Amino acid sequence: MSTERIAVPELPVVVKYGLFDMQVCVPADWTDDQVVLFSELTNPCGTTNGWQIRKAGDELLGGDPERQPCNDRAGCVHIMLDA
Ligand SMILES: [Zn+2]
């Protein structure tokens, strides 16, 4: 029997979903492209440009970082997207 620990990658999840914005919780090493793709596959945006990551400095972030470390899952970050 192996005692080796197998690292199980955290699964991406949608934290909040609205008509015009969505918050996802994804592994911190995900690229922006992966985040957008996951968002589109989970909840197709329906607008021409699709989901856009809410970038640092956007006033809607209210001073929060673009990638907010998750309180519940180590190694994951929360990212807001706008339709
Ligand atoms: Zn989270």
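Of the contacts in the protein chain with a separation of 6 or more, 50% are between residues 24 or more positions apart. Two residues are in contact if their C-beta atoms, placed from the backbone, lie within 7 Å. Residues are numbered from 1 along each chain, as its sequence is written. The model is predicted: local features need a pLDDT of at least 70, side-chain atom pairs count only at pLDDT 80 or more, and totals for chains, interfaces and linings use all residues.

The term pLDDT stands for the predictor's confidence in each residue, from 0 to 100. The protein chain averages a pLDDT of 91, and 92% of the residues score at least 70. Where pLDDT is low, the predicted coordinates should not be read in detail. Among the elements of the protein chain, the lowest mean pLDDT, 95, belongs to strand E1 (residues 13-17), and the highest, 98, to strand E3 (residues 52-53).

The protein chain has one helix and five strands. Helices (H or I, at least four residues) and strands (E, at least two) are DSSP runs, numbered from the N terminus. Read from the N terminus on, the order of elements is β-β-α-β-β-β. The C-alpha trace spans about 50 × 30 × 20 Å along its principal axes.

Next comes the pairing of the strands. Two strands pair if DSSP finds at least two bridges between them. E1 pairs with E2 in the antiparallel sense over four bridges, and a hairpin joins E1 to E2 through three residues. Lys 16 has Gln 23 in E2 as its bridge partner.

Strand E2 (residues 21-27) also pairs with E5, antiparallel, over seven bridges. Here Val 24 has Ile 79 in E5 as its bridge partner. E3 and E5 are antiparallel as well, with two bridges, and Gln 52 stands opposite Asp 82 in E5. Strand E4 (residues 68-69) runs antiparallel to E5 and is joined to E5 by two bridges; the bridge partner of Gln 68 in E5 is His 78. E4 and E5 form a hairpin with six residues between them, and Gly 75 in the turn has a positive phi of about 85°.

A residue is buried if 20 or more other C-beta atoms lie within 10 Å of its own, exposed if 12 or fewer, and partly exposed in between, with C-beta atoms placed from the backbone. Buried residues make up 14% of the 83 residues in the protein chain.

A nonpolar core is a set of buried Ala, Val, Leu, Ile, Met, Phe, Trp, Tyr and Cys residues joined through C-beta atoms within 7 Å. The largest such core has 10 residues, including Val 24, Val 35, Trp 51, Ile 79 and Leu 81. E2 and E5 each supply at least two residues of this core.

Ile 79 is in contact with Val 24, Val 26, Val 35, Ile 53, Glu 66 and Arg 67, leaving aside its neighbours within four places in sequence. Arg 67 lies in the loop between E3 and E4. Is Arg 67 buried or partly exposed? Arg 67 is partly exposed, because 18 other C-beta atoms are within 10 Å. Not counting residues up to four places away in sequence, Arg 67 touches Val 77 and Ile 79. Arg 67 and Ile 79 are 12 residues apart in sequence, and their C-alpha atoms are 5.3 Å apart in space.
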